[in-house]
2 protein chains.
Amino acid sequence: MVQTASLHEEVVGRIRDMIVEGELLAGSHVTERAICEKLGISRTPLREAYKVLAAEGLLTLLPNRGVVVSRLTQQDVEDILEMIALLEGMAVDRLCARASEDEIAAIERLHGEMVEHFRRGERLEYFKANQAVHEAIVAAARSPQLAKVHRGLGARVRRFRFAGNVDPARWERAVREHEQILLAIKDRDAHLLQALIRTHLRNGWKIVRRQNRDELAPPLEVEPVPEPIGRRRRRKAEIA
Amino acid sequence: MVQTASLHEEVVGRIRDMIVEGELLAGSHVTERAICEKLGISRTPLREAYKVLAAEGLLTLLPNRGVVVSRLTQQDVEDILEMIALLEGMAVDRLCARASEDEIAAIERLHGEMVEHFRRGERLEYFKANQAVHEAIVAAARSPQLAKVHRGLGARVRRFRFAGNVDPARWERAVREHEQILLAIKDRDAHLLQALIRTHLRNGWKIVRRQNRDELAPPLEVEPVPEPIGRRRRRKAEIA
DNA sequence: TCTGCCAAAATTGCATGCAATCGTCGGATC
DNA sequence: GATCCGACGATTGCATGCAATTTTGGCAGA
C-alpha cells in the first residue's frame, strides 16, 4: 500500500528537490507567495514545510523576514561528510555482525546496477544508484535511528556531492573503491570496511571541494545572513 | 541582545520540556486542542511546532490522526547513545587539535560547578551542569553542524538519561569518569579521550537501561503506532 | 453476545483574513 | 549633500473558518 503523503510532506520533498537541483540557490531569499503560486498551494502547508526544512538545516529562518536557503561553508560540508563517515562506519560494524545474507545480496545487486550505470556513462542514474548503495548499507545495520540521522545529513550535502561527480578520473576511482567496499562487505571485514569507507568519503570530498569552490560560502565568513537594519523588538505575545 | 523567539519556537521548547519532564508520556496521543488551551495559543503555531518536533524525532505524526509522543525501543536509545559517543569522539579530536586555552578553561569551570552540585547532592542541578559540560566539549570543536546534530540527538534521550541518574554508586562513578575526562582534555590526549568518553556513555547506558526498563518499548515490538481501523484513502489534493 | 454498518461528533488538513513587522521611498532638517 | 524621520507597500505571524477524515456510539441482524 502506497501511503500518500500529506500535502506539506510533498511540499517538503519538492522544495528539497528544488534546492538539490539548484533551482533555489544557497543564500537566496525565498518568499512565501512565490512558492505558493508555483506549487498552487496556500501558505499554511508551505510554512509547515519551511519549519521542517529549517529543522533539517536546509533552510534558515529569519524571524519576520522570511527564509533563506542555508549557505554551507567548506568547513560545514567537511564536518557533515565526516559525520556521515562516522555513521557509515557504525553501520558497517553492525552490518558485519548482524546482516542477513539477503541484505548483503541486495547491496551486491544495487552495486551491480550502479556499476552498469557507470559503464554506460549515465551520470544521474549512477548518482542515484550510488545513494541507494550507501542507504542499503545503512539499512542493513537495522537501526532506524541511525538511518534517520544518516538520511538527514545526506540531504544537506547531496547537492554538493552531485556536483562533485563530474570528474571522470574521480568517477572511475570511486567505482573501484566501491568494488573494494563490496568485497569487504561480503567478507564481513568490519575493520577494513571502516578504512575503506573513510577513504572513500575523504576522496570524494576533495573533488567536491574543488568543484564547488564558488558555490560554497568562504570558510571565514561569520554569518552570511543579512543583518537587520533596526533593532529587534520584543514580541508582546506570551504563552501561558 | 536577547533575540526573543517566535511563538512557535517557544512552543517547541515548551513541548520538548513537557516530554522530557514526563508530563507527556511516550506513546500518548496529543490532541491539538488540549495543548492549545493549555498554552493559550491557536492551532497554527502549535502545528508548526509539531512538525519541528517530528523532524527532531520526539513526536511521530500520524496523518489525519494527530501525533503521538515517539516511543523509543531499548535498541533505539542504545543506537542514539552510540551515535552521541561517535560525535563526541569527533568533537574531542578537534578539541585537542584546535581548542583555545580559554575554551578548555571554560570546560574546567563547568566541570567544577558540576562536581560542586554532586557534593551537595543536587541532582537536577548536577544533571544540567553535566549537560553543559558535554555541550561545552562539543562547542570547543567549533563545528556548528556537529553541535546541531549532537544537540538533536541529546534531546531525544535526555529523558532517559535523567532517569538513569538516580543510582548513587553510578553517580559517584560518573563524576570520577568526568575527572579523568577533564584531565585528558587538559593534556589534549585525543586517543585517551576517545576511550574515556566511549566508556563513560556506555556505563551510563547500563544504568539507563535498568532504570527505564518499563518506560522503554520492548525491543521486539515492530511498530508501537496504533494501526488504523479502516484503510487509508488517497488524498485528492495534488500540488502543481 | 458478537459483528457489521451508518450517522454524529471530534479531530485534523488546509485556506483565508487580519494584525504586526519589515523594507523602502520621499521629504524635512542640519 | 548627508542624515534622520515617517508613511506606505510588501511580507510575515498568528487566528479563525470550512472541508475532509477519523473515531465513536448506537442499532440492526445473525
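Of the 21 residues around DNA strand D, those that come nearest are A:Arg47, B:Leu7, B:Ser42, B:Thr44 and B:Arg65; a residue counts as near a strand if one of its heavy atoms lies within 4 Å of it. Sugar and phosphate make up 72% of the atoms of DNA strand D that come within 4 Å of the protein. The model is predicted: local features need pLDDT of at least 70, side-chain atom pairs count only at pLDDT 80 or more, and totals for chains, interfaces and linings use all residues. Residues are numbered from 1 along each chain as its sequence is written, chains are lettered from A and ligands numbered from 1 in the order in which they are written, and side-chain values use heavy atoms, with hydrogens and water left out.

Polar contacts to DNA strand D involve both protein chains. Such a contact is a pair of N or O atoms within 3.5 Å; within protein, one must be able to donate a hydrogen and the other to accept it, and residues adjacent in sequence count only if both atoms are side-chain atoms. In chain A, a polar backbone atom of A:Glu32 lies 3.4 Å from a phosphate oxygen of DNA strand D. The side chain of B:Thr44 places an N or O atom 2.7 Å from a base nitrogen of DNA strand D. Two or more residues each are given to the surface near DNA strand D by α2 (32-39) and α3 (43-56) of chain A and by α3 (43-56) of chain B. Helices (H or I, at least four residues) and strands (E, at least two) are DSSP runs, numbered from the N terminus. The largest share, three residues, comes from α3(B). By class, this surface has three nonpolar, seven polar and eleven charged residues. Ala, Val, Leu, Ile, Met, Phe, Trp, Tyr, Cys and Pro count as nonpolar, Asp, Glu, Lys and Arg as charged, and the others, Gly among them, as polar.

DNA strand C has 23 residues around it, of which A:Leu7, A:Ser42, A:Thr44, A:Arg65 and B:Arg47 come nearest. Of its atoms within 4 Å of the protein, 71% belong to sugar or phosphate and the rest to bases. An N or O atom in the side chain of A:Thr44 is 2.7 Å from a base nitrogen of DNA strand C. Phosphate oxygens of DNA strand C lie 3.4 Å from a backbone N or O atom of B:Glu32 and 2.6 Å from a polar side-chain atom of B:Arg47. α3(A) gives the most to the surface near DNA strand C, with three residues. That surface divides into four nonpolar, eight polar and eleven charged residues.

Helix packing was examined between the chains. Helix α4 (residues 74-98) of chain A packs against helix α7 (residues 144-163) of chain B at an angle of about 45°, with the axes 8 Å apart. Axes are lines fitted to C-alpha atoms, for helices over the stretch in contact, and angles run from 0 to 180 degrees between N-to-C directions. α4(A) and α7(B) are therefore oblique to each other; angles under 35 degrees count as roughly parallel, over 145 as roughly antiparallel, 65 to 115 as roughly perpendicular and the rest as oblique. The contact (heavy atoms within 4.5 Å) joins A:Asp76, A:Asp79, A:Ile80 and A:Met83 of α4(A) to B:Pro144, B:Gln145, B:Leu146 and B:Val149 of α7(B). Five of these residues are nonpolar, one is polar and two are charged.
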